[in-house]
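Biologist: Please take a close look at one part of this protein for me. I would like the charged side chains and whatever surrounds them.

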Amino acid sequence: MPGFMVGSGNRPDFVKEALEVTVPTLIAPNKNNPWTGMSMVRDYFDALAVEKELMLLDIEKPRLTCCSVLEPKRLRTMFLT
């Protein structure tokens with residue numbers, strides 16, 4: 001679970017919610033983000049029942065950098081197919 005949610009009382013069941021996703025999904029976490037629970041990411045990805053891709057980024061900067069490395073053309077292709 002992300003660090004900011006620990007102890008907050010808000011414990012969403014991401015795996016259960018994955019079953020409700022109905023669109024192709026790209027999961028692209030930064031492996032160097034200390035707040036990302038990679039086992040949770042894997043559980044969520046495995047639970048998705050749609051076309052999916054897991055792109056594990058290895059970026060030195062730990063927070064939000066993944067947004068700058070995702071190729072807009074690749075994202076557009078996912079949404080338009």
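**The salt bridge and its setting**

Modeller: Of the protein's 81 residues, 26% count as buried. This is a predicted model. Its mean pLDDT is 76, and 60% of the residues reach 70 or more. Strand β2 (residues 52-54) has the highest mean, 92. Helix α3 (residues 66-69) has the lowest, 60. Where pLDDT is low, the predicted coordinates should not be read in detail.

Now the layout. The protein has 4 helices and 2 strands. Along the sequence they run α-β-α-β-α-α.

The part to look at is helix α2, residues 38-47. Side chains of opposite charge can pair when their charged atoms come close. The count for the model is 1 salt bridge. Its partners are Arg 42 and Asp 46. Their closest N and O atoms are 3.7 Å apart, and the cut-off is 4 Å. Both residues belong to helix α2. They are 4 residues apart, which is about one turn of the helix.

Asp 46 has 47%.

The charged end of Lys 52 sits over the ring of Phe 45. The distance to the ring centre is 4.7 Å. As for ring-to-ring pairing, a search of the whole structure finds 0 aromatic pairs.

Next, a residue from elsewhere in the chain. Val 21 lies in the loop between α1 (14-18) and β1 (25-27). Beyond its neighbours within four places in sequence, Val 21 is in contact with Tyr 44, Leu 48 and Val 50. The C-alpha atoms of Val 21 and Ala 49 are 7.6 Å apart. Along the chain, Val 21 and Ala 49 are separated by 28 residues.

How do contacts across the whole protein divide by separation? Take those with a separation of 6 or more: 67% of them join residues 24 or more positions apart.

Last, the surface. The accessible surface comes to about 5,900 Å². Carbon and sulfur atoms account for 56% of that area.

Note on methods. Residues are numbered from 1 along each chain as its sequence is written. This is a predicted model: local features need pLDDT of at least 70, side-chain atom pairs count only at pLDDT 80 or more; totals for chains, interfaces and linings use all residues. Side-chain values use heavy atoms; hydrogens and water are left out. pLDDT is the predictor's confidence in each residue, from 0 to 100. A salt bridge is a side-chain nitrogen of Lys or Arg within 4 Å of a carboxyl oxygen of Asp or Glu. Buried means under 20% relative accessible area, exposed over 50%, partly exposed in between (1.4 Å probe, protein chains only). Rings of Phe, Tyr and Trp (its six-membered ring) pair if their centres lie within 6.5 Å; planes under 30 degrees apart count as stacked, over 60 as edge-to-face and the rest as tilted. A charge sits over a ring if NZ of Lys or CZ of Arg is within 6 Å of the ring centre and within 35 degrees of the ring normal. Contact means heavy atoms within 4.5 Å. Accessible areas come from the Shrake-Rupley method with a 1.4 Å probe; for residues, only the protein chains shown count as cover.
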